[in-house]
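Let's take a walk through this model, one neighbourhood at a time. Have the structure open and follow along.

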Amino acid sequence: MTRTVDNQRFQTIIEAYGATPARWPEDIRAAMHAFIAAHPTEAQGVLAEARALDDMMEAVRVADHRHAEADQALFENVLAQFVPVDTVVALRPARAVSGSHRAVVWGIGFGLAACLAGAIFGVNLSLMSLSDLRVQTVLEQVAMIDGDR
């Protein structure tokens, strides 16, 4: 069965799969090429925009991988300062972790939980303060309006 592609379908496929023909569904690829040949001006404009978006997304993906590799290296360096080289806490079952390492893990967990609780409590206090300020402002405005009468 031969498929045909109109302008709307062409744009939909390009938006969904990008400008690279290898990413297009195999059963419609020939029809997409036929549309490009039949409508070169329209197709090239759509493809140029899609290529720009594809390039931008590829740049972000490459940057994310670089950050991930740098983050992994940093994590390994920090871990190496606190844990002996022959001990891998993250890969061992909890029952195999020695008592001193378990205390460190619990301490770190407790500290992170305390930080998170403090941040949440601080945000809630800030929101309550903003709410009180808004109420006070509204009451002052009502008092000013009532004073004009």
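Start with Asp 54, which sits in helix H3; helices here are DSSP runs of H or I with at least four residues, numbered from the N terminus. This is a predicted model, so local features need pLDDT of at least 70 and side-chain atom pairs count only at pLDDT 80 or more, while totals for chains, interfaces and linings use all residues. Residues are numbered from 1 along each chain as its sequence is written, and side-chain values use heavy atoms, with hydrogens and water left out.

Asp 54 counts as buried because its relative accessibility is 17% (buried means under 20% relative accessible area, exposed over 50%, partly exposed in between, with a 1.4 Å probe and protein chains only). Leaving aside residues up to four places away in sequence, Asp 54 touches Gly 18, Ala 19, Thr 20 and Arg 23, where contact means heavy atoms within 4.5 Å.

Now move to helix H2, residues 26-38, where Ile 28, Ala 31, Met 32, Phe 35 and Ile 36 are buried. Looking down the axis of H2, those buried residues fall within an arc of 145 degrees, so they line one face of the helix (the arc is taken from the directions from the helix axis to the C-beta atoms). Over on the other side of H2, you'll find Glu 26, Ala 30 and Ala 37 exposed.

What about the largest nonpolar core? Of its 15 residues, Val 5, Phe 10, Ile 14, Trp 24, Met 32 and Leu 47 touch the most other members (a nonpolar core is a set of buried Ala, Val, Leu, Ile, Met, Phe, Trp, Tyr and Cys residues joined through side-chain atoms within 4.5 Å). Helices H1 (7-17), H2 and H3 (40-82) each give two or more residues to this core, and H2 supplies the largest share, five residues.
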